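Student: Could you walk me through reading this model with me?
Tutor: Gladly; let us look at it together.

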Amino acid sequence: MEFCPKCGALLMPDVNEEGKTVLRCKSCGYVKEVEKGEIEETYRIAHHISHEPREEMIVVKEEVRTLPIARVQCPKCGNDRAYYWQLQTRRADEAMTTFYRCTKCGHTWRQY
Ligand SMILES: [Zn+2]
Ligand SMILES: [Zn+2]
């Protein structure tokens with residue numbers, strides 16, 4: 001599974017205009033090109049269940065359950081716990097970006 005480097009949402013497999021396999025962010029439109037073999041390996045299950053919204057929810061929940069929890073305040077609901085993960089941006093010399101997802105309301109935000 002991969003998360004969007006722009007907004008932190010889960011990237012889902014998709015096909016672009018040229019018929020190439022990509023990972024697409026459903027909330028901000030970010031698109032990442034990947035090798036076909038790579039995406040099929042990582043997203044085999046997600047791809048299969050993309051037509052079954054109920055099962056997809058279960059997978060996402062499993063994914064979130066494995067993330068560590070930080071004591072930070074959610075800017076939306078004020079809850080003081082959030083799951084977090086870090087992503088390296090394209091350039092290796094840039095700092096890691098930390099993403100948070102509120103354990104209570106699910107709001108996701110990033111720390112600059
Ligand atoms: Zn995004
Ligand atoms: Zn919240």
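Tutor: Start with contacts, meaning residue pairs whose C-beta atoms, placed from the backbone, lie within 7 Å. Of the contacts in the chain between residues at least 6 apart in sequence, 30% join residues at least 24 apart. This is a predicted model, where local features need pLDDT of at least 70 and side-chain atom pairs count only at pLDDT 80 or more, while totals for chains, interfaces and linings use all residues. Residues are numbered from 1 along each chain as its sequence is written, with chains lettered from A and ligands numbered from 1 in the order in which they are written.

Student: What is the mean pLDDT of the chain?
Tutor: pLDDT is the predictor's confidence in each residue, from 0 to 100. Here the chain's mean is 77, and 65% of its residues reach 70 or more.

Student: How many helices and strands does the chain have?
Tutor: Both are DSSP runs numbered from the N terminus: helices are H or I, at least four residues, and strands E, at least two. The chain has 2 helices and 7 strands, in the pattern β-β-β-α-α-β-β-β-β.

Student: What is the strand order in the open sheet?
Tutor: Strands of a sheet pair through backbone hydrogen bonds, either parallel or antiparallel. Two strands count as paired if DSSP finds at least two bridges between them. This sheet of 3 strands runs β1-β2-β3 with antiparallel pairing, and its edge strands are β1 (11-15) and β3 (31-33). Strand β2 (residues 21-25) is joined to β3 by 3 bridges; Leu23 has Lys32 in β3 as its bridge partner.

Notes
Contact = placed C-beta atoms within 7 Å.
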